[in-house]
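Dear colleague,

I am passing on a structure that you have not worked with before, and my notes on it follow the display. Please keep the sequence and the 3D view open while you read.

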Amino acid sequence: IKYMVGRAGQEYHLGRIELRLYRPPNYFIEGSNSDVNNSSIVARLTYGKFHLLLPGDMEREAIAQLLRERKDISADVLKVAHHGSYTGTTVKLLRAVKPKEAIISVGKHNLYGHPHRQALRWLQAAGCRIWRTDINGDIELRSDGSTYKIWSSK
């Protein structure tokens, strides 16, 4: 299978849709709490005035590096990192993203206890409407570039 390695700075365009990669850097992160998670792809999708942040499984070290870069990561919708783990969300990240909605992809009764209670508290304090696949089932998001709508199968 032909593949491409995603790296920070790459951009992809499909009509009016732009996907900009913010992470990983041009090197594999080593010595962090979780090198694999902190080296995951972080992307921001832009479609007209609509923005969606897709932070992969990044954890605190990658979040701190991303925030130091001072890039525009604001988004209407945040796909919450690392299934809502304690290490995948920070207050500083939520202040930078300013999401109105948060989507957490997580299995019911998973072994890790995701999403973490504190991550949920931070999302609620940030004013996010929270969507969870373990509670809401399949989650669908549609945008026309000006507005967006989210609904679930349950």
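How many of the five residues of β4 are buried? Before the answer, please bear in mind that this is a predicted model. In β4, four of the five residues are buried, and the strand is thus mostly covered.

**The sheet around β4**

The strands form an open sheet of seven, in the order β1-β2-β3-β4-β5-β6-β7, and their pairing is mixed. β1 (11-14) and β7 stand at the edges with a single partner strand each, so one side of each is left without a neighbour in the sheet. From one strand to the next, the twist averages 15°.

Strand β4 (residues 50-54) runs antiparallel to β3, to which five bridges join it, and the two strands form a hairpin with two residues between them. Gly48, which lies in the turn of that hairpin, has a positive phi of about 65°. Across this pair, Ala43 stands opposite Leu54 in β4, while Arg44 stands opposite Leu53. Towards β5 the arrangement is parallel, with two bridges joining that strand to β4, and Leu52 has Val77 in β5 as its bridge partner. Together with α2, the strands β4 and β5 make a right-handed β-α-β unit.

**The nonpolar cores**

The largest nonpolar core holds 22 residues, of which Leu53, Met58, Ile73, Leu78, Val97 and Leu123 touch the most other members. At least two residues of this core come from each of α2 (60-68), α3 (91-97), β6 (101-104) and α4 (117-125). A second, separate core has six residues, among them Phe50, Leu52, Val77 and Ile150.

Leu53 deserves a look of its own in the viewer. Leaving aside residues up to four places away in sequence, Leu53 touches Val42, Ala43, Arg44, Ile73, Ala75, Val77, Leu78, Lys79 and Val97.

In α2, the buried residues are Ala62, Ile63 and Leu66. They cover an arc of only 105° around the axis, which puts them on the same side of α2. As a general point, an α-helix has 3.6 residues a turn, so residues three or four places apart point the same way. The buried residues of α2 pack against β2 (17-23), α1 (35-38), β3 (42-47) and α3. Just after this helix, Arg70 takes a positive phi of about 55°.

In α4, the buried residues are Ala119, Leu120, Trp122 and Leu123. Seen down the axis of α4, these residues fall within an arc of 160°, so they line one face of the helix. The face of α4 turned away from that buried side carries the exposed residues Arg117, Gln124 and Ala125. Among the elements that cover the buried residues of α4 are α2, β5 (77-79), α3, β6 and β7 (129-132).

With best wishes

Definitions and conventions. Residues are numbered from 1 along each chain as its sequence is written. This is a predicted model: local features need pLDDT of at least 70, side-chain atom pairs count only at pLDDT 80 or more; totals for chains, interfaces and linings use all residues. Side-chain values use heavy atoms; hydrogens and water are left out. A nonpolar core is a set of buried Ala, Val, Leu, Ile, Met, Phe, Trp, Tyr and Cys residues joined through side-chain atoms within 4.5 Å. Buried means under 20% relative accessible area, exposed over 50%, partly exposed in between (1.4 Å probe, protein chains only). Contact means heavy atoms within 4.5 Å. The arc is that of the directions from the helix axis to the C-beta atoms. Two strands pair if DSSP finds at least two bridges between them. Axes are lines fitted to C-alpha atoms, for helices over the stretch in contact, and angles run from 0 to 180 degrees between N-to-C directions. A crossover is right-handed if, with the strands pointing away from the viewer, the path from the first strand over the helix to the second runs clockwise.
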